[in-house]
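Have the structure open and follow along.

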Amino acid sequence: MDEIDVAILERLTEDARTSFRKIAKEVGVSPDTVMSRYLAMQKSGHILSSTIIIEPRTIGYQALGIFMIHASTSRGSNKEPAPQDTSSIFNALTRTPSVFEVARTVGDHDLIATVGARDLEHLIKLRNIIAKIPGVKDIQISYWTEFTEFPELCRHQEHIIHSKEIETNNSP
Amino acid sequence: MICKFNGGHLGARSHLTMPSRVRIDELDQKIIRALQNDARTSFTDIAKSCGVSTDTVSKRFRRLRRIGVIVRATLWISNKGFGFEHLANFGIRVEYPHLEEVFDSLRRMPQCHFCTLSMGRYNIIAYAATKDLESLARLKEQVENHPAVREVAMNFLIDVPPPIFFDNIEFECNSKKWERDG
């Protein structure tokens, strides 16, 4: 990664539809260079894909929330659930409408599902649907309405792209 | 330097009026889904697969941006690719008189990528990404040692970043059907 890569990333995170020709002009390289750098960053795993951020409220989602899920174990309550138990819950969650993101976790909970809720009634309905998935033992729910963007994963971009800078700033 | 994507929760945007719901038809949805999977898809390709003209797609796209459904087209960047291998979710319960203070200090931490006030079991939900486990452990310690923090739940994400399921997004115009079926 060099300054050209960072410059390309900056422009594309601002608007992923910017043409390579325009970026090339701004950065001062050829369009072919921009293209090959972009493809190289995709191949190396720096760029996963391009996407659009939508405002959930305009399509009727009034709140986002996370469901922190405990999976039950067949071997007593103090043990970790077996991987096959959490993966069947994971698969069921990925097929549940309004569940946007599903993460398998290690720690105080076993799975975290990020959901969109139209209203309180919808949130309760989602809770009921998820609670019925076989293997789900306990759910802790938190939700919020002060959000700006979806997917919020894109929150990391600027920080990550400039991570070197931040490291230098933080070092004593 | 701290994420501009992070600033909206209590800051500049909260005084704005709630975005109003808008009418989105099937073509709009198809355009949104195509661009969610690849924001660089050409309008010509989308037009072909939807059986409309490129001009129509372009017009629809501009409208969706204008009315605020599409905020922006952006890159999905891999934490892991940049060395941020560790991503943890925090659920934090803070005594109310100190809630804003704890929230503000969390938001200012550069490794804290997402932070919101929430209702429910925890009144702060945060995500932090780091290059090593030690700085995550330090972060947790720091939060836990705050006298107003009553409870901290921490979960390491196994897959970084976790998968997103765009197809599960339901547009309001279709939701009535789902409610009947459900």
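## Ground rules and confidence

Before we get to the strands: two of them count as paired if DSSP finds at least two bridges between them. Keep in mind, too, that this is a predicted model.

The model's scores are ipTM 0.83 and pTM 0.83. In chain B, the pLDDT averages 83, and 84% of the residues score at least 70.

## Chain A at a glance

Chain A has seven helices and five strands, and reading along its sequence gives α-α-α-β-β-α-β-β-α-β-α-α. It has 172 residues, 55% of which count as buried. If you take the contacts in chain A with a separation of 6 or more, 64% are between residues 24 or more positions apart. The accessible surface of chain A is about 7600 Å², and carbon and sulfur atoms account for 51% of that.

Is A:Asp5 buried or exposed? With a relative accessible area of 8%, A:Asp5 is buried, because the cut-off for that is under 20%. Leaving out residues up to four places away in sequence, A:Asp5 touches A:Arg37 and A:Met41.

## One sheet, two chains

Now for the sheet. It is open, has nine strands with antiparallel pairing, and runs in the order E3(B)-E5(B)-E2(B)-E6(B)-E3(A)-E4(A)-E2(A)-E5(A)-E4(B). Which strands stand at its edges? Those are E3 and E4 (119-120) of chain B; each has a single partner strand, so one side of each has no neighbour in the sheet.

Within chain A, strand E3 (residues 99-107) and strand E4 (residues 111-117) pair antiparallel over five bridges. Three residues lie between E3(A) and E4(A), which form a hairpin, and A:Val99 sits opposite A:Val115 in E4(A).

Over in chain B, E2(B) and E5(B) run antiparallel and are joined by seven bridges. B:Ala88 stands opposite B:Ala128 in E5(B).

## Helices on the chain B strands

Helix H4 (residues 99-108) of chain B lies across several of these strands, namely E2, E3, E5 and E6 of chain B, and runs at about 160 degrees to E3(B). H5(B) packs on the sheet as well, where it touches E2, E5 and E6 of chain B, and its direction makes about 160 degrees with that of E6(B).

Which residues of H4(B) are buried? They are B:Leu99, B:Val102, B:Phe103, B:Leu106 and B:Arg107. These cover an arc of only 135 degrees around the axis, so they are on the same side of H4(B). As for what they pack against, the buried residues of H4(B) meet E2 (86-94), E3 (112-117), E5 (124-130), helix H5 (133-144) and E6 of chain B.

Note on methods: Residues are numbered from 1 along each chain as its sequence is written. Chains are lettered from A and ligands numbered from 1 in the order in which they are written. This is a predicted model: local features need pLDDT of at least 70, side-chain atom pairs count only at pLDDT 80 or more; totals for chains, interfaces and linings use all residues. Side-chain values use heavy atoms; hydrogens and water are left out. pLDDT is the predictor's confidence in each residue, from 0 to 100. Helices (H or I, at least four residues) and strands (E, at least two) are DSSP runs, numbered from the N terminus. Buried means under 20% relative accessible area, exposed over 50%, partly exposed in between (1.4 Å probe, protein chains only). Contact means heavy atoms within 4.5 Å. Accessible areas come from the Shrake-Rupley method with a 1.4 Å probe; for residues, only the protein chains shown count as cover. The arc is that of the directions from the helix axis to the C-beta atoms. Axes are lines fitted to C-alpha atoms, for helices over the stretch in contact, and angles run from 0 to 180 degrees between N-to-C directions.
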